[in-house]
Structures are given as structure tokens and as C-alpha cells.
Amino acid sequence: MVKIRLHVNGMAYEMDVEPWHTLLHVLREQLGLTGTKKGCDLGQCGACTVLLNGTAVLSCTTLAIRCQGEEILTIEGLAEGDRLHPLQQAFIDQFAVQCGFCTPGMILNAKALLDKNGDPSEEEVRRSISGNMCRCTGYVKPVKAILAAAEMMKKGCSHG
Amino acid sequence: MDEGLAVLGKTFPRKDAEAKVRGGAQYAGDIILPGMLYAKCLRSPYAHANILEIDTSKAEKLPGVAAIITHKDVVPKIPFEGSKRDTYILEETVRYVGDEVAAVAAVSEEIAEEALRLIEVAYEELPAVFDPEEALRGDAPKIHPGGNLATYLRDKPFTFTREIGSVEEGFAKSDVVLERTYRTHMQSHVPMEPRASLAAWDSTGTLTLWDSNQGPFEIRAELANVLGLPLSKVRVITPYVGGSFGCKIPTFKAQGIVALLAKKAGRPVRLVFSREEQSVVGTRRHSWTLKLKVGAKRDGTLMAYDAKAYLNAGPIIFLGIIVCINQAHLTPKFSCPNRRYEACAVYTNCPPTSAFRGFGYFEADFAIGKLMDELCEEIGMDPLDFYLKNHIKSEEPYGMGQVPRILAFREAIQRSAERIGWKETWHKPGEKTLPNGKKHGIGMGISGGNAALGNSGAVIMMNEDGSVRLLSGATELGQGCQSEMSQIVAEVLGVRYEDVFVVSSDTAMTPYDQSQVASRTTVTMGNAVKGACEDLRGQLFEEAVRMLGGGVLPGDLRARDGWIYVAEDREKKIGIADVAKIFLEGKPPKIVPKGVLIGKGSYTTPSTPPPVGNAVVNMVEVEVDKDTGQIDVVRLVSAVDCGKVISPKGIEAQYESVLSGGVGFALTEELLLDPSTGRALNPTFLDYKIPTALDCFEMDPVIMVESHERHGPFGAKGVAEAAMAAAAPAISNAIYNALGLRVDFPATPEKVITALETQGKGA
């Protein structure tokens, strides 16, 4: 076991992990942050997406020990108390959530896009979530939601 | 005075959406209990084998291992009732690559996996069979003691045979007769959430199982059966489910395994399928050999239809017999005076099956759609004209089920045709090359399934502030049933949608519900919820007339937007919350509480097959690149007869899933087995290709045809299961229209190029 320090959603945690433990495992099983989902554990489906210093990564193929000193954002850290992030609000408004299992990963990939490019084209939005597998929505309403969130953020609503 | 509906047909935010976007929605695999152990299963590497010996001694010594079970631990040995007694939790024979052999519970998944490697098993490999017609031959390896023809009851082999009219006479009168054999392929459901179960026993010997399924009551009944427990000692709770589409209906060995491990270890045990396990063990689409024959007059009048269906059911029958019966009841969806259907379900050593959206009719309507398309070409008829002439009419008995249903096929076909511009766009096969060099094709297909089944109950309880709790066994798989039921509550009770709280799918808390299948929830649970609300509303109205005074009778009252008021004198009103408060709390010192405000309702579908179904139409345009073999769906129009619309966004959302189940089935998805070993070759996303956000095309918002369903609450009926069922024939026919040749599904570029080269057509 190795002692590491992780910064998750603005809080610092000290914990013992095995060197081979993935960030996904540590988030879910040790920190109880189960909003990040395990869809395949193979780096293929995108359900485990978190942001590492603002960049979307697959937490199931990221080692926990390599994340020391990095700012980790999971879905639980996106809202500010009662106030949802525009992406979260847009996913609700646009009916883009069905079973919800792909939703956290998809929202975080979209956040990584919108934080870099506040006015994406539909093609760019599709590309940003092309690694998020979804079986329920056909991606139609999620894409609409991300574009709607971009509009909200352009109008200066930092949180819906 | 009829003010129209207050809530139904309008859009409200889904009840579960906020929890899901916050990451707070709990699925079975998210629950962590103190002392919880992690389970892994040892699985057979052989498609068919006897287990001669299992030695777990080395595995037991591994630090961190808490319990191991093998078939020796399954005592008493009780077969699964829901699978016609062909399966046990663990046994000495394995029947497909991946079948459970043993299981370990340990303090971590890694240690459990390491322990699996230390279990020594001596197998006697047996010959295996993977094709249903081969499995029926006399010399085929016997998969179950009773033979490979699945039995309905232990000793009676099942064959469904029924004839209406005389197909022999019908064929004799036909000008054109076509006979074809179709084999439909294996598709994986690929729910994003792999199946998960968490078992915990308490000190009264009661098992609680949190489980990802489509209905906790059937799971409870089966677990009580195989574990030898009374129902009162088993509680099944279904949290949010991350998609299912049919694969999570049955009670699996895995649930029995996790219960036994938890009992042996004396600690809670969680078992979560890996993605590979979900794709193989977690069941697949039923695959069929369908031998179809159709006879018609030159003017397109159908004279005879004959179908022989062989189901490749895998090694566990589960719903294999019911799916044959369902297919018989629901197909063909064409008017034909003479028709015959014969089906049997056959055991094979392929991965197991359960159900997949379009239960039996998806595959049959696919094959029938291709056959009718060929017939149209043979007689020189535009398919649209053929479908408008021959689709089953509303309330016309059809298939073998013969139950009249309201089905608005005509309007669905006409509106789809108008939307896509069929008459302007259709051309003869192979005739249209686009300026970009690709071949253009347009095709259509029809389908539809059941929209009611079995029985459901609901209870509604009002709080002293006028808010309500709905207790409903309906499981939230993603289809939005919590929200839809809340809309019905708001409509009937007159409370606000926001004031409805739903307690879901817990056998200890919610009344019986048969599970979320067959698009049954809108009608069966919807009617139960409506009944419960009417019961509660009656109690409120009785109290309200006392409070309003002046000779008002309950029949004079209406409830809407949080108020109870006299229909003819709207100013004579009282708040629902005020009524509830007096009823439940009284008003000290003079008025005492009346009691509790609880309403109950239930609904039983009046017949089998159910008298409610839906009608779905797809029309599709494709572009095919003859150099690369790439097929692009460029436009897809859907229409569904959905009865009265309760949640328009809900239906839209369901119909957008056609991308995955329908287009994926057509173009990219196939679960491949190694033909010599029966092992699945592509159980992960890498090699099993499901559509991604880049596989976009112009998907028209679904056309909602609002017939009025007399059996449904407010005229509504369910439509979700059939959402993907008309896409396969539509796409197949569109590809034929583009190229003038048939390509087997999934129509990968390789198959298109091969077809072009070998069939030599397509100018």
C-alpha cells in the first residue's frame, strides 16, 4: 500500500492505495463517490470520465497514484450546492436523461469542451461525446442539451 | 364543464433527472454496506461439459477469501421455475462458454479473481451444438436430459402449431408464391450498466437483495423458490437501472449465487458483471431460423402465409417458449385470410437468451418485411401501395392471436409517407445514383407489439400538506415510468406534479407489479395508479363536501391545480392541503382526525394475448458507397400509434433510441461466436460496434398518431418496446432499393462489397 493525497472536487484526501488501483476504483470504493460509473473497466465506453486539471480522462485506465497534485473533478463536484451547472440544467430541460448511466461521463466531456470552446458547432459537440457510449438516447437530446448549455453559458449564466 | 386535461400531454422535468445529472442516482452496483464482500464467478471454458471434480482448498487458503461455493453447496437442489426447471444455481454440467462453475466472495475483487485461478476443476468435455436445426437432429448432443426440444412442462415438448383458414388452398389460388429462409443474428443489448446484485441476510434469516432487474417481484418469487424460503423471507429492491431492453428480466444463477455466498460468509456480498460477462452471460437477442412462404394475387392481395420458426434459445429456456407464442400472436401484420404458424424453441450451447425489445416480433417483422418487399418487386407494386392495401386494419384480428386491437397503421403509414416524401422519392431498385456517386435507396417497414400484460397494483398516500407518495412496483429503467405515473396522479388527484413522490420497486413496500416488459406500464400500472387516485380522491371529496357545506355532493366536485372546487361554481372551493390537514390532524380541541388518506388500485389485463398493442412505421433513406461498401442512413422517419400522449418528450426520447437497437442491428452489431468452441469473440465495445454520437443522421421527431385506446388510462398506451422494431426491415429494404441486392445483417462494408462482387448486380 502507498499513501497518496488526492484533490477531488475541491477537497483534499489522504489515503492508502495499491499502486495498481485505478482512479475509478479509488473514487467509487474508497471515497464513496459513486456518481462516476464503471461501464466496462476497459477504457472503451466513457462512463468513467472525470476531469483531471480540466482535461477529460478515463478514470478506469488512469492510475490513482499518478493523480497526486492534480485537480480532479467528478460529477458530484459540478453543481454548486443547490445551483446546477448549465450542462446539468440543460440535460434536465432537454429530456436528455433516460437511464442516466452514461450521463455523468457525457456531461464531463461536454464541460471539457465548453470550457475550451464556448461556441461549438454541432459536429464539435458530437466529437466531444463520441467516446461516451449510450444505448438509450440515440445522442439526439444530449447534443441538443450541450448546445443549449453553451447558449446559457454565453449569456453569462455560470450556474443555471 | 370540460376544461381539458390539466397535466397529461404536457412536458414536465423527469422525476429522476436531477439525481442522475448530479451523480446521486443510486444503481445496485453503487451501494456499499459495512463489511461488504466482492464476488466473482468461475466460468466454464467449454460450451458443454461435465464437472468431474472441483477442488477449492487452495483458493480457500488465500488471505481475504471469505466464502466459496460450488454445486455441492446448492442444497437442497431446486430447479428454477421460471426457466421450466432446466437450470439450477450451480450444477455438475455446464452448457455454454461462460456458464457458472463456482463463485468466490472476498474482501476485494482482485482477491476474488486470484482465488478463481486457484480453483482446480476437472472437466469432461462433451460435444456441443450451436444451430437449432442441427440440435433437432437425432444424432445431436443432448443438452438437457429431456432432449433439445424445449419442454413447456417437464414432459411435454413444446411445438406451437396453428392454422387459420387453409394455407394449401390459399397457395393454390395465388398467382405468385415466394418461399425464403431467413436466419437472424445474435445481438447484444449492451445496457450501459452491467448487471449488479447485492445480497445481505439479517438476523431473522431474511434475505434482502438489491438488484438490477426489470421487476423485483418475479425475482423474489424465483429466489424464494430456489433457496427454499417463504416469500416473507425474501425482499428484492430494484434501485435505478442503467438500461436493460429485456436482458435483465430473468432471475439468473448469479442472484442465487450471491445469496448463497452472503449466507455462507455471514456478510453482505456484491456481484457485478464485467462488460464481457454482461455481453455473454447477461443474455442476447433471440436468434431464429425463419422459413416463410407467402402467396398473393397479381394485384397484391395476400392469399396465404406460412411460417416455420426455430428458435435458437441457448441452454436455458427462460422466455424461449413465451417468445415463440408472442411471435405467433403478433405476426404477420398484414391482412391474409389463410395463415399458418409453427414454432419450436431449441436448446443449443450458444449464450443464453431472455428478451430484447421487439419480443419475438422484431425478428419476424424483419423477415416478413423483406419477404413482402420481394413480393412487391415480383408483382411490380410500389411498397407504399402494397402496405396501404394490406396492413391490418384497426380492430381486425390478426396473426395467431386473433385479438382485435386499436391499431392506427393507416394514419401512421400515410403520415410517414408524406413526411419523407415517399411518392416523390421512391424509385425502382438500383436505379438512382446521386451526384456524389453513391446509390440512393428508400425503404419502409412496419411492426408493433403488446402494450399491456398481466396485473399491477398501486397505493397512494396523502400527507397532511397535500403532497402524496405513490407506492408503485414499476422499475425505473430509464423509460420514465416514475414521471409518467406522477403525471397521471397529478391529473386525477388534482395535485401538482411537483408534489408527487414515488416509492419504487421494493417488494416490501410496493404492491405487486409484473415487471416492466411489453410496454405494459402505461396501461396496467397507469390504470392501477388511476384507480388508486380515484379511491383517494373519493375520500377527499367526502371530506370536502362536509367542509364546503351547502348541499354540495361529491359528484359536483372537481380537483385541479391543488384545489377542490364545485364544477358549476368555481369560487366554491377548498385547497386539497386544507382538506388533508383536517382529515389527518383534525383541529383541536373540537375536530378529531378522521383516519389515514390511502387509496388503492389495481388492474388486470383482460385477455392473453392482451387487447392492446401499438403500431410502428419506419421509412428510411440510405446512401451506399459502392467502392467502400459503407452504408449511411441519411434520413429516418418514425411514426407510432401511441394512443393519448401523456409525455410527449418521453415518447420522443424513446423513439430516438432506434439508433442503437435498430440501426445498430442493421449495420454494425453482431455477437460473434467461434464456431468450433462456442466462445464469444467480441464481448466488449472494441469489437462489438454500437452506434456513437458520430453515427448521426437526420432523425425526424417521431410522428405521434393519437388513436384513443379504450383500455388505457385517458386513452393512452405504451409504445417503448416497439421503438426499434420497424427499423430493420426498413433499412434492409432501403439497401435493396439502392443496390438491387440483399445484404445480410449486419450490413457491414465487407458484406456489401462481397454481395456486389458475387451477385454482380447494381449498375
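These are my notebook entries on what I looked up in the predicted model shown above.

**Conventions.** I number residues from 1 along each chain as its sequence is written, and I letter chains from A and number ligands from 1 in the order in which they are written.

**Entry 1, the interface.** I began with the contact (heavy atoms within 4.5 Å) between the two chains, which takes 46 residues from chain A and 58 residues from chain B. The buried area (the accessible area, with a 1.4 Å probe, that two parts lose on being put together, summed over both) is about 4,200 Å² between chain A and chain B, and carbon and sulfur atoms give 59% of it. I then looked for salt bridges (a side-chain nitrogen of Lys or Arg within 4 Å of a carboxyl oxygen of Asp or Glu) and recorded seven across the interface of chain A and chain B. A salt bridge that I looked up joins A:Lys37 to B:Asp30, with 2.7 Å between the closest N and O atoms.

I take helices (H or I, at least four residues) and strands (E, at least two) as DSSP runs, numbered from the N terminus. Helix α5 of chain A covers residues 140–154, and its end C-alpha atoms are 22 Å apart, which agrees with the 21 Å that its 15 residues should span at 1.5 Å a residue (the expected span being 1.5 Å times one less than the number of residues). For burial I use relative accessible area, calling a residue buried under 20%, exposed over 50% and partly exposed in between (1.4 Å probe, protein chains only). The buried residues of α5(A) include A:Val140, A:Ile146 and A:Met152. I find that the buried residues of this helix pack against α2 (86–93), α3 (103–116) and α4 (122–128) of chain A, together with α17 (648–656) and β28 (698–699) of chain B. After α5(A) comes A:Gly156, with a positive phi near 90 degrees.

Rings of Phe, Tyr and Trp (its six-membered ring) pair if their centres lie within 6.5 Å, and planes under 30 degrees apart count as stacked, over 60 as edge-to-face and the rest as tilted. By this rule I have 15 aromatic pairs over all chains. The rings of B:Phe160 and B:Tyr341 are an edge-to-face pair, because their centres are 5.7 Å apart and their planes stand at 80 degrees. This pair links distant parts of chain B, 181 residues apart, with B:Phe160 in strand β9 (residues 160–164) and B:Tyr341 in strand β17 (residues 338–347). B:Phe160 is buried at 8% relative accessible area, and B:Tyr341 is buried at 2%. A further edge-to-face pair is formed by B:Phe386 and B:Tyr387, at 6.0 Å centre to centre and 75 degrees between the planes; both of these residues are buried. I also noted one aromatic cluster, formed by B:Phe362, B:Phe366, B:Phe665 and B:Phe745.

A charge sits over a ring if NZ of Lys or CZ of Arg is within 6 Å of the ring centre and within 35 degrees of the ring normal. The charged end of B:Lys77 sits over the ring of B:Tyr88, 4.7 Å from its centre, and B:Arg570 lies over the face of B:Tyr565, at 4.5 Å from the ring centre.

B:Thr524 is placed in helix α15 (residues 521–548) of chain B and is buried, at 0% relative accessibility. Leaving aside neighbours within four places in sequence, I find B:Thr524 in contact with B:Leu453, B:Gly454, B:Ser456, B:Tyr603 and B:Thr605.

I recorded a cis peptide bond between B:Val75 and B:Pro76, with omega about 0 degrees, where B:Pro76 lies in the loop between β3 (65–69) and β4 (93–94) of chain B. A cis peptide bond also joins B:Thr331 and B:Pro332, with omega about -5 degrees. A:Asn53, although not a glycine, has a positive phi of about 50 degrees; A:Asn53 is in the loop between β3 (49–52) and β4 (55–58) of chain A and is partly exposed at 44% relative accessibility. B:Asp561 has a positive phi near 55 degrees and counts as exposed at 56% relative accessibility.

Definitions and conventions:
Predicted model: local features only at pLDDT ≥ 70, side-chain atom pairs only at ≥ 80, totals over all residues. Heavy atoms only, no water.
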